[in-house]
Amino acid sequence: MGKEFNKPVKRPSDVLESWSGQGDPAEISELAHETAAAVLARLSGDEQAIDDAIRYIDEEGIDELAELWEYAPANSLPGALWRLYVIRTTLLDNEQAALEAIRLGITASEHLDGPNDAPSTEEVLEFATETFRGAFTGDFGLGLEKTAMLAHLGAEGLRQIEPGLLPLGEETREERADRYEGLANDLLRAASQWKLGKLN
């Protein structure tokens, strides 16, 4: 990782702007995987890679990287980071509605003994933020599992939330709930792959 980030690296926006859909998407895929691995460089213990990754994130910003990861398959590291980014953005942009949906999801869920079993939004936001700062050092698989649980609870709650509370755009509540259920399932699979050392 350190070697890759010591050489000149194209900005993700440069690659995306130059790719019109007619060329080979291999360059986008390669850069998505390189930058996703760089975000988690601290877990590898490679100090040079950590320094390079943090500097890269500071210079380029996580939003630009997330735009790149959107193209990645769900069962890949950049795909998992994209889903984590979507959930983090939703929590930050729609905090009141998200909290209400999660509260309703906890109440409706038959799989929990009570609210204490559910991760808090603060816990998931801290995990996502530390990950995207290149500073996360904990159990990444567990973090993905907790994020998946929160997304599942949000999906359950979305099916019951007051229609006017959440801005849905062109989606229905059921469509939005299904989308977040899909995010939850993708993150659970990614967590399993991570624990097997197969998420890359």
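## Packing of α8 and α9

In this predicted model, helices α8 and α9 pass each other in a left-handed crossing.

On the α8 side the contact is made by Thr121, Glu123, Val124, Phe127 and Thr131, and on the α9 side by Phe140, Gly143, Leu144, Lys146, Thr147 and Leu150. Sorted by class, the residues joining α8 with α9 comprise 5 nonpolar, 4 polar and 2 charged residues.

## Packing of α6 and α8

Helix α8, which spans residues 121-132, also meets helix α6, residues 77-93, where the two axes come within 10 Å and cross at roughly 130°. An angle of that value makes α6 oblique to α8, and the crossing in which α6 passes α8 is left-handed.

From α6, the residues Leu81, Leu84, Tyr85, Arg88, Leu91 and Leu92 take part, and they meet Thr121, Val124, Leu125, Phe127, Ala128, Thr129, Thr131 and Phe132 of α8. By class, this contact of α6 with α8 holds 10 nonpolar, 3 polar and 1 charged residues.

## Aromatic pairs and a cluster

The count of aromatic pairs in the model comes to 7. One of them joins Phe127 and Phe136 in an edge-to-face arrangement, with 5.0 Å from centre to centre and 80° between the ring planes, and both Phe127 and Phe136 are buried.

Phe127 also pairs with Phe140, here in a tilted arrangement with 5.7 Å from centre to centre and 45° between the planes. Because Phe127 lies in helix α8 and Phe140 in helix α9, residues 140-158, this pair ties together parts that are 13 residues apart in sequence. Both Phe127 and Phe140 are buried, and these two residues also belong to the contact between α8 and α9 described above. Elsewhere among the aromatic residues, Trp69, Trp82, Tyr85 and Phe132 form one cluster, of which Tyr85 in α6 and Phe132 in α8 also take part in the contact of those two helices.

Where does Glu162 lie? Glu162 is placed in the loop between α9 and α10, the latter helix covering 173-195. With a relative accessible area of 58%, Glu162 is exposed.

Glu162 can also be placed relative to Ala97, for the two residues are 65 residues apart in sequence, while their C-alpha atoms are 9.4 Å apart in space.

Methods
Residues are numbered from 1 along each chain as its sequence is written. This is a predicted model: local features need pLDDT of at least 70, side-chain atom pairs count only at pLDDT 80 or more; totals for chains, interfaces and linings use all residues. Side-chain values use heavy atoms; hydrogens and water are left out. Axes are lines fitted to C-alpha atoms, for helices over the stretch in contact, and angles run from 0 to 180 degrees between N-to-C directions. Helices (H or I, at least four residues) and strands (E, at least two) are DSSP runs, numbered from the N terminus. Angles under 35 degrees count as roughly parallel, over 145 as roughly antiparallel, 65 to 115 as roughly perpendicular and the rest as oblique. A crossing is left-handed if the near helix is turned anticlockwise from the far one by less than a right angle, and right-handed if clockwise. Contact means heavy atoms within 4.5 Å. Ala, Val, Leu, Ile, Met, Phe, Trp, Tyr, Cys and Pro count as nonpolar, Asp, Glu, Lys and Arg as charged, and the others, Gly among them, as polar. Rings of Phe, Tyr and Trp (its six-membered ring) pair if their centres lie within 6.5 Å; planes under 30 degrees apart count as stacked, over 60 as edge-to-face and the rest as tilted. Buried means under 20% relative accessible area, exposed over 50%, partly exposed in between (1.4 Å probe, protein chains only).
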